[in-house]
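Subject: Structure for your review

Dear colleague,

Please find below the structure I am handing over to you.

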Amino acid sequence: ATYLQRASDRIEPVVETSPADALDLVPDDVDCVVSDYEMPEMDGLEFLAAVRQANPALPFVLFTGKGSEEIASEAISAGVTDYLQKQAGTEQYEVLANRVENAVSKYRAEREAERADKQRRRIFERITDAFFGLDDDWRFRFLNERAADFFGRDPDDLLGEDIREAFSTGMHEEFREAYREAFETQRSVTVEAESALRPGNWLELRIYPAEDGLSVYFRNVTERKRTQQELRDTKQKIEALHDVAAQAVACDTCQDVYDLAIESAEEILAFDLCTVDA
């Protein structure tokens, strides 16, 4: 501990001579464990197993004078972060300090990335639209539950998979072209098309590019498309019926009016059975 403090002012050693006492510090109080191999109560590998149960990701350096390929192999298999044999001289502590600092830096970076990832996932799940991200190789980086539900796939199964391969027969060509355009132009793209994965469902995609991939928001707009189509159909029927009214003015007999009314009801309004009651 003294030599480590001399080797690095960033290290604050906490010394425990009992593995059982040291385990009390493992969950939250230390950033790295440096352990000998031959100790009372349990050896270094047994202590490593106990530490891994308490904190699976905590850096653990086995620093021992009892060196052998067998111990090193067992330590690596058990998930040790680093393995050093004790040497003569004080230079070894500079090496040990460097290994500890590197291990802790990586550990903290991974924990920060994990916290950021959890926060990002919480944000994604609050998004009302279905949402997914692709990297610059078209592979899924993340997706929220709404997107996974629409795809009918487990989110973890899709992560890392190329969307072109995952849905080789379930991607409308307009969507594929929109992704390609967003990648190439680095401009946002919005597109509406019928889903090949779920025929009869229309999707609106808003695609936002970045240097490392795409962010894609999509929503099911089938009801909107159906309503729009109904409005267009109604407008066409109204215009056609206005034409019928103009034709009715020119009819010479009542029968002509009746015939025109029946023909219009069949062709414009698509009635199966029609009659005129005068």
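The expected span of a helix is 1.5 Å times one less than its number of residues. In this predicted model, helix α10 (residues 222-249) has 28 residues and extends 41 Å from its first C-alpha to its last, close to the expected 40 Å. Its buried residues are Thr222, Lys225 and Val244. Among the elements covering these buried residues of α10 are β6 (189-194), β7 (202-210), β8 (213-220) and α11 (254-267).

Glycine 133 belongs to strand β4 (residues 130-135). Because its relative accessible area is 0%, glycine 133 is classed as buried. Beyond its neighbours within four places in sequence, glycine 133 contacts Arg139, Phe140, Arg141, Phe142 and Leu214.

The count of salt bridges comes to 14. One of them joins arginine 10 and glutamate 101, with 3.9 Å between the closest N and O atoms. Arginine 10 lies in the loop between α1 (2-7) and α2 (19-23) and glutamate 101 in helix α5 (residues 91-126), so this pair ties together parts that are 91 residues apart in sequence. Arginine 10 is exposed, at 58% relative accessible area, whereas glutamate 101 is buried, at 18%.

Arginine 141 and aspartate 212 also meet in a salt bridge, at 3.0 Å from N to O. This pair links distant parts of the chain, with arginine 141 in strand β5 (residues 140-143) and aspartate 212 in the loop between β7 and β8, 71 residues apart. Arginine 141 is partly exposed, at 30%, and aspartate 212 is partly exposed, at 41%. Finally, Asp31, Arg108 and Arg111 are linked in a network of salt bridges.

Yours sincerely

Definitions and conventions:
Residues numbered from 1 in each chain as written. Predicted model: local features only at pLDDT ≥ 70, side-chain atom pairs only at ≥ 80, totals over all residues. Heavy atoms only, no water. Helix = DSSP H or I, 4+ residues; strand = E, 2+ residues; numbered from the N terminus. Buried < 20%, exposed > 50% of the residue type's maximum accessible area, 1.4 Å probe, protein only. Contact = heavy atoms within 4.5 Å. Salt bridge = Lys/Arg side-chain N within 4 Å of Asp/Glu carboxyl O.
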